[in-house]
Amino acid sequence: MSRARQARCKEKQKKRELTEQAAKRARTSRRKSVIRIGRVVLGALGVTVAGILVIIGITNVAGSSGQPSPVRVEKEVSALLGGIPQSGDTLGQASAPITLQVFGDLESADVRTFVLWLLPDIVRNWVRTNIVKVQYRSFMTSSSPYPNVFLTQQAAALAAGIQDKLWNFIETFYHEQGKEKTRYVTEAYLDGIARQVPGLDLSEWENDNESSRLVKQVVEDDHVARAIRFPDAPVFLLGRTGGSLTPWPGYRLYEEPGLKPGLIKRSVHPISFITSRTLKTAIEHLP
C-alpha cells in the first residue's frame with residue numbers, strides 16, 4: 001500500500017472516531033437531560049395532578065353553568081315564568097300600574113347578565129305581585145355585527161310572542177347564548193330554541209317568523225333605542241302604565257380590560273343595570 005493511500009485511510013479512520021465521539025457525547029447529554037426532566041416531573045407530580053383536578057373541576061362548573069342542558073334550561077325558565085301571564089312582548093298583568101321596557105339584543109352578553117342574574121328578582125318582587133309589567137324590545141348592538149342575523153333572531157322572538165311565548169323564547173336564548181360575533185345564530189339554532197319552548201306551535205311559529213311586520217317592529221324598536229342616545233344595551237324605559245315612559249339613567253362604568261391600574265383614562269362604554277332595589281327607588285320617584 002502506498003504511503004498516500006495509508007495517509008488517506010488514517011484520515012478517514014480519525015474522522016470516524018471523531019464522529020462517534022461526538023455522537024456519544026450527544027447521546028449522553030440527551031440522556032442527562034431526560035433524567036433531569038424526569039426528576040422535575042416526578043417531583044412536581046403531586047402538584048400537577050392536583051392542578052389538573054382543579055382545572056377539571058372548574059371546567060365542569062363552567063360547563064354546567066355556562067352550557068346548561070336543555071332540560072335544565074326548560075326547568076329554570078318554567079320556574080321563573082310559570083303562572084305569569086304573557087301577551088305579545090309583555091310579561092305580567094296588563095293592569096300592572098308600572099311599565100318597564102327592556103331594550104336588548106339577544107346576542108349581547110351584557111343583556112344576558114341582566115336577564116339571568118338581575119331580572120329574576122324583579123320578576124319575583126315586582127311582576128308576580130302585579131306591580132310591574134315588563135316589555136321586551138329590540139336594540140341592535142355591536143354584539144350583532146350582522147344586521148340580517150339581528151333582524152332574524154329578534155323577529156323569531158316576536159314570532160313566539162304571537163303565541164304569548166316570547167319570554168320563554170328569549171330566556172332560553174339567553175341561557176344558551178353563544179360567544180359574541182361567532183355567527184352561531186343560524187336557522188337551525190333558532191329552531192332549536194323554539195323547540196324548547198313548551199306549548200309553542202312550531203308550524204305557526206315558522207309561518208309568523210317570516211312576517212315582514214315583525215321585522216318592521218324590530219327596526220322601529222331599534223330606532224327608539226337609538227333616539228335615547230344610550231350607547232349600549234340593556235336600555236330601560238320606565239313609567240306609569242298609560243303615561244309617558246322615560247329613560248332610566250342609572251349606569252355603571254367599566255374600564256377597558258388588560259390595562260394597568262392608574263393608566264386607564266376612559267371607560268369602554270356605560271352599562272345600565274337596573275336591579276330590584278334600584279327599581280324600587282325609581283318607582284318611588286316617578287311623577
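Reader: What is the bridge partner of threonine 90 in E4?
Author: This model is predicted, so local features need pLDDT of at least 70 and side-chain atom pairs 80 or more, while totals for chains, interfaces and linings use all residues. Residues are numbered from 1 along each chain as its sequence is written, and side-chain values use heavy atoms, without hydrogens and water. Strands (E, at least two residues) and helices (H or I, at least four) are DSSP runs, numbered from the N terminus. In E4, threonine 90 has as its bridge partner glutamine 135.

Reader: In which sense do E2 and E4 run?
Author: Strands pair if DSSP finds at least two bridges between them. E2 covers residues 90-91, and two bridges join E2 to E4. The two strands run antiparallel.

Reader: How many bridges pair E3 with E4?
Author: E3 spans residues 98-104 and pairs with E4 in the parallel sense. Valine 102 stands opposite tyrosine 136 in E4. The count of bridges between E3 and E4 is seven.

Reader: Which handedness does the β-α-β unit have?
Author: The unit is made of E3, helix H4 (residues 109-127) and E4. View a crossover with the strands pointing away: a clockwise path from the first strand over the helix to the second is right-handed. The unit here is right-handed.

Reader: Are the two faces of E4 covered or exposed?
Author: Side chains in a regular strand alternate between the two faces of the sheet. In E4, Val132, Val134, Tyr136 and Ser138 lie on one side, with Lys133, Gln135 and Arg137 on the other. Seven of seven residues in E4 are buried (under 20% relative accessible area; exposed is over 50%, partly exposed in between; 1.4 Å probe, protein chains only). Both faces are covered.

Reader: How many aromatic pairs does a search of the whole structure find?
Author: Rings of Phe, Tyr and Trp (its six-membered ring) pair if their centres lie within 6.5 Å. Planes under 30 degrees apart count as stacked, over 60 as edge-to-face, the rest as tilted. The search finds eight.

Reader: What is the angle between the planes of phenylalanine 169 and tryptophan 205?
Author: The centres are 6.2 Å apart, and the pair is tilted. Phenylalanine 169 is in helix H6 and tryptophan 205 in helix H8, 36 residues apart. Both residues are buried. The angle is 35°.

Reader: What is the angle between the planes of phenylalanine 236 and tryptophan 248?
Author: This pair is edge-to-face, 6.1 Å centre to centre. Both residues are buried. The angle is 85°.
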